[in-house]
Amino acid sequence: MTLTLTFWGTRGSIPSPGAQTAQYGGNTPCVELRSATGALLILDAGTGIRHLGRSLLERANGKPIAADILLSHAHWDHIQGLPFFAPLYEGGHEFTIRCAPGALGGVESALKSQMSRTVFPVTFDAFRSQVRFRALNEIERGDGYALRTVPLRHPGGATGYRVTDGNSGAPALVYISDNELGEHAGYDSPADWRDSLVSFARGASLLVHDAMYTADEYERHRGWGHSRYEDVVDLALDADVQRLVLFHHHPERTDAAVSEQVAVCQKRVRERGARLEVLAAEEGTTLTV
Ligand SMILES: [Zn+2]
Ligand SMILES: [Zn+2]
């Protein structure tokens, strides 16, 4: 075991609480990732980060918290929890908000705009803990982990990550939220984008990927920046990953419907004569890599 991840938010686009979504969760994307040495990475700052903040404060028990907050992009569902992340207001903690170099200016301005007085009562200056902004290099080395980035196919751009223990390069977690695997010309991705993505995910122990649409839904939302289940399974199979975690669930998808889609994906794996474990990201659950 080298990496531990906990899902605090699994839902795409808009929070969708209620009895029908209680199992897989209604909070928007936020994943806590720990290296074996205890370094903390927070992947996305959707509404799930509110619960994470409370949990971190409890676990820290008065000690300072330090973390990098990696934003895949600044779409609302990935940043809207930040103003409710309690450790920011407490003082004494240190957070570095990180994203792709080209996105840094836009991310900073989006985070500050969502806390402008017109739309929120408290401004970014209310944070008493230290908050820095720093671009991610294509390859990063931290305490007990190494991280690589990949550009994704999403309106406005987004970034995916491959995280390993920093020494062996394996096992690896690949986190790809908000990515369109279907054909659509609206991206400036190179012609070999899919081959590059397959190599990026190659042999991962765990692939967490946007799985928003059924095939029917996708036809009505081509170009919206998300993937259908079939394409996600095919990517995982082509890249020989061990476990696929369906993520960024559609806000209208009930728990029963998510489970049904897991079964559809498992059937596709069997039809291809392959061995791939498929599960759906479930809020509050922890997986080890
Ligand atoms: Zn999203
Ligand atoms: Zn998005």
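D234 is buried, with a relative accessible area of 13%; buried means under 20%, exposed over 50% and partly exposed in between, with a 1.4 Å probe and protein chains only. R272 is partly exposed at 43%. D234 and R272 form a salt bridge, with their closest N and O atoms 3.1 Å apart. The term covers a side-chain nitrogen of Lys or Arg within 4 Å of a carboxyl oxygen of Asp or Glu. D234 sits in helix α7 and R272 in the loop between α8 and β13, so the pair ties together parts 38 residues apart in sequence. Salt bridges with shared partners join R194, D234, D238, R268 and R272 into one network.

This is a predicted model: local features need pLDDT of at least 70, side-chain atom pairs count only at pLDDT 80 or more, and totals for chains, interfaces and linings use all residues. Residues are numbered from 1 along each chain as its sequence is written, chains are lettered from A and ligands numbered from 1 in the order in which they are written, and side-chain values use heavy atoms, leaving out hydrogens and water.

The structure holds 16 salt bridges. Another one joins R98 and D68, at 3.3 Å from N to O. R98 belongs to strand β5 and D68 to strand β4, 30 residues apart. R98 is buried, at 2%. D68 is buried too, at 16%.

Now turn to helix α8, residues 255-271. Helices (H or I, at least four residues) and strands (E, at least two) are DSSP runs, numbered from the N terminus. D255, V258, Q261, V262, C265 and V269 are buried in α8. They cover an arc of only 120 degrees around the axis, which puts them on the same side of α8; the arc is that of the directions from the helix axis to the C-beta atoms. On the other side, A256, E260, R270 and E271 are exposed. The buried residues pack against α7, β12 and β13, contact meaning heavy atoms within 4.5 Å.

D77 (OD), H78 (NE2), D178 (OD) and H248 (NE2) coordinate the zinc ion (ligand 1) at 2.1 to 2.3 Å. Donors are N, O and S atoms within 2.8 Å of the metal (3.2 Å for Na, K and Ca); water is not among the atoms, so sites may look incomplete. D178 also bridges to the zinc ion (ligand 2), and the two ions lie 3.6 Å apart. Both D77 and D178 are buried.
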